[in-house]
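Here is a friendly walk through two pieces of local architecture. Have the viewer open as you read along.

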Amino acid sequence: MAQTTDFAPKLLDCTLRDGGYYNDWDFSLEEAQDYIDNLARSGVDIIEVGFRFTPKAKFLGPFAYTNEELLSQLDLPDNVQFGVMINASDYLGETWEADLQATFVPESESAVSLVRIAAHLGQIPQCDKLVAWFKAAGYDVGLNVMQISQADDAQITALIEDVEARFVPFESLYFADSLGNLTTEDVTRIVSLFRASSDKPIGFHGHDNIGLGVANAMAALAAGATWVDATVTGMGRGAGNAQTEYLALEMQRQGYKEFNMLEIQRVATGWLAELKERCGWGTNIFYYEGGLRALHPSYVQQMISSKRYEAVDILVMIEALSGGETPTSYRAANIDGSLAQLMSAPDSDTALTGQWAGRPVLLVAGGVQAKRHWDAIQAYSERNNVVVLALNHVGGIAPSAFDGVICIHPARMMALQSQKAWKSVPLITARDALPASLKNNLGQHEQIIDYGVKVEDGFESRAGGCTIPAPEALAYAWALIEQSGASELLMAGFDGHNGEGEAFRKTSGILASLKEKSALKVRSLTASHYAVEQAAIYAGGQ
């Protein structure tokens, strides 16, 4: 059925909700009130003040839960509708009804009157009971279909027809460009599909990964959508969203609605501008590339914010991650799962069994202790016939000092391949666990030792490959050194980050697991915060 377009356009601002992905929803009451006061005077129709998550086992700020107690501390003008969003995944378990009753009061007792339900394509059919519960409690309801770009036209039509046939009536049917990869033509087509099967007001939530957030929102309005989302300064997950200050200008310029632009611009140039300077949301080459590859934007956001990667490394990682089976899903700020999908080539034709039988093998990492004591380390290695291997490329030490270099991480491989001096050092890697661009460049290395790797629970070293519990080069190196028949594993440059931080805890856990699963003797030749025995290299002898 074709929808008429009698609905007045509505602009929904969700800065405190979507923006919380950058500051864990830890907005102060003063910041929130300033934002609300200006937006309420601007002509924005709806303000979505936050999420209403079920309790999480980590600290999240007040606007992750946006409970009634918090809302009672804010002055909420009555010329704007206020709402919250829930993730369907929080409320689709066996205790869904009790969870809703514990989290929501009837609308007549609440400071918000709109609840939007965000659900992935496969979750939408189960949301009928959630919609019915909120409608019975008196709320207006929006149903947001996430990651619409992953569905074809037939799937979209079937989904909307099912919603129309089974769901109780509700206020808005949304679709979200969650991966930020829709074009204006895509948006126009999808709105038309929604309109053909539903008489409900249709909404659009646009992300700005490829710079089309505002253009897509305007295309949605032109095609018949009447609800559009935006956030001030575009604050939101990954590259962020259509910017309220730009979208309002365009809606006003094209005659959809009048706004007091000064009020919006006041927010956009105030504390939110300062927060953007610190957090750095907004589209860039990384989000653009990730959007084109349908990679979940949180992976890019994590890589940028971690400060662990150079720019070119992030681009290589985007290629690597987008080659996984489920690049559109994101799990608790964790890149390891997608890397593990790449590392699924458990064996190769190379046999390392007995390669360094009876000899100590030294694994050198990039910590300052290795460079500081390198002369003593070299002397010790010469006295004891030690095989010396670099873990990734090691700065400050001549590549010619190494018998080989071990590298399996895509970002580290990119850095290694960019340095000509390392091309004459034998490279030990798992060829089939690398993305195509890196695999194609392996030919520039004079010697490749291809040793397979598979990431899954457990630890096993075999002649041509290994199974390791995490996609970490240390675990891979441990397995191949064990398989080589080494008399012991020596370490240098594993300083341990001053014994603090996430990286230290992660490596400590890997070391503890490997020591438990392997009989390989391990000692450190340099000072280390890790729990390994340390050798006295300055004492002479062994």
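Let's start with an open sheet of four strands, in the order 9-15-17-16 and with mixed pairing. Strands here are DSSP runs (E, at least two residues), helices are H or I runs of at least four, and both are numbered from the N terminus; two strands pair if DSSP finds at least two bridges between them. Strand 9 and strand 16 stand at the edges with a single partner strand each, so one side of each has no neighbour in the sheet.

The model is predicted: local features need pLDDT of at least 70 and side-chain atom pairs count only at pLDDT 80 or more, while totals for chains, interfaces and linings use all residues. Residues are numbered from 1 along each chain as its sequence is written, and side-chain values use heavy atoms, leaving out hydrogens and water.

| Strand 9 | 344-345 |
| Strand 16 | 460-461 |

Lys454 has Thr467 of strand 17 as its bridge partner. Helix 21 (residues 473-483) packs on this sheet and touches strand 15, strand 16 and strand 17, where contact means heavy atoms within 4.5 Å. The direction of helix 21 makes about 135° with that of strand 17; axes are lines fitted to C-alpha atoms, for helices over the stretch in contact, and angles run from 0 to 180 degrees between N-to-C directions.

Now to a helix pair. Helix 10 (residues 244-253) and helix 11 (residues 261-268) pack at about 165°, their axes 9 Å apart.
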